[in-house]
Amino acid sequence: MTPSIPLQQTARLIAPCGMNCALCLAFQRQKKRCPGCMEEDPNKPHSCQVCIIRNCPTILNNSSHFCYECENMPCKRLKQLDKRYRMKYGMSMIENLNEIKEKGMDVFLTHQVETYTCKTCGGLMCVHRSRCLTCEP
């Protein structure tokens, strides 16, 4: 049985690079919580506000607002980010983007829920900590 997609995990939480912000430590933490890459918020971490990918003119002007629509995908920055996340966290931004492009957002979000749901409490895992912050803060 496929779990239902948590309300907090909407398409709006998927960054242009393919990162699922709902799985990010900055989004899940209690203090100074980041609202996600796509939200305008002065409390968002500075690195997110000035992100080259998020602020890319091509991304801002394409219909999906994802890197997969760019003729230069993957760009140098996306390759760097993807390599770091694959090595440190076992997740690929490029694979995420390809899944969204090929199968659609609903399938991608369902797959994310299946992959990152805590088997103990049903909460979302944190990709940066490889554990559920609800069960194991």
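Me: R86 and D82 both sit in helix α4. How many residues apart are they, and what is that in turns of the helix?

Reply: They are four residues apart, about one turn of the helix. This is a predicted model. The side chains of R86 and D82 meet in a salt bridge, at 2.6 Å from N to O.

Me: How many salt bridges does a search of the whole structure find?

Reply: Three. One of them joins E39 and R12, whose closest N and O atoms are 3.0 Å apart. E39 lies in the loop between α1 and α2, and R12 in the segment before α1, so this pair ties together parts 27 residues apart in sequence.

Me: Which residue forms a salt bridge with E40?

Reply: R54 does, with the closest N and O atoms 2.5 Å apart. The pair links distant parts of the chain, 14 residues apart: R54 is in the loop between α2 and α3, E40 in the loop between α1 and α2. At 11% relative accessibility R54 counts as buried, whereas E40, at 68%, counts as exposed.

Me: What do the buried residues of α5 pack against?

Reply: They pack against α4 and α6. Among the buried residues of α5 are M93, I94 and L97.

Me: What is found at the ends of α5?

Reply: S92 caps the N-terminal end, with a side-chain oxygen 3.4 Å from the backbone nitrogen of I94. Just after α5, G104 takes a positive phi of about 95°.

Notes. Residues numbered from 1 in each chain as written. Predicted model: local features only at pLDDT ≥ 70, side-chain atom pairs only at ≥ 80, totals over all residues. Heavy atoms only, no water. Buried < 20%, exposed > 50% of the residue type's maximum accessible area, 1.4 Å probe, protein only. Helix = DSSP H or I, 4+ residues; strand = E, 2+ residues; numbered from the N terminus. Contact = heavy atoms within 4.5 Å. Polar contact = N/O pair within 3.5 Å; in protein donor to acceptor, adjacent residues only side chain to side chain. Salt bridge = Lys/Arg side-chain N within 4 Å of Asp/Glu carboxyl O.
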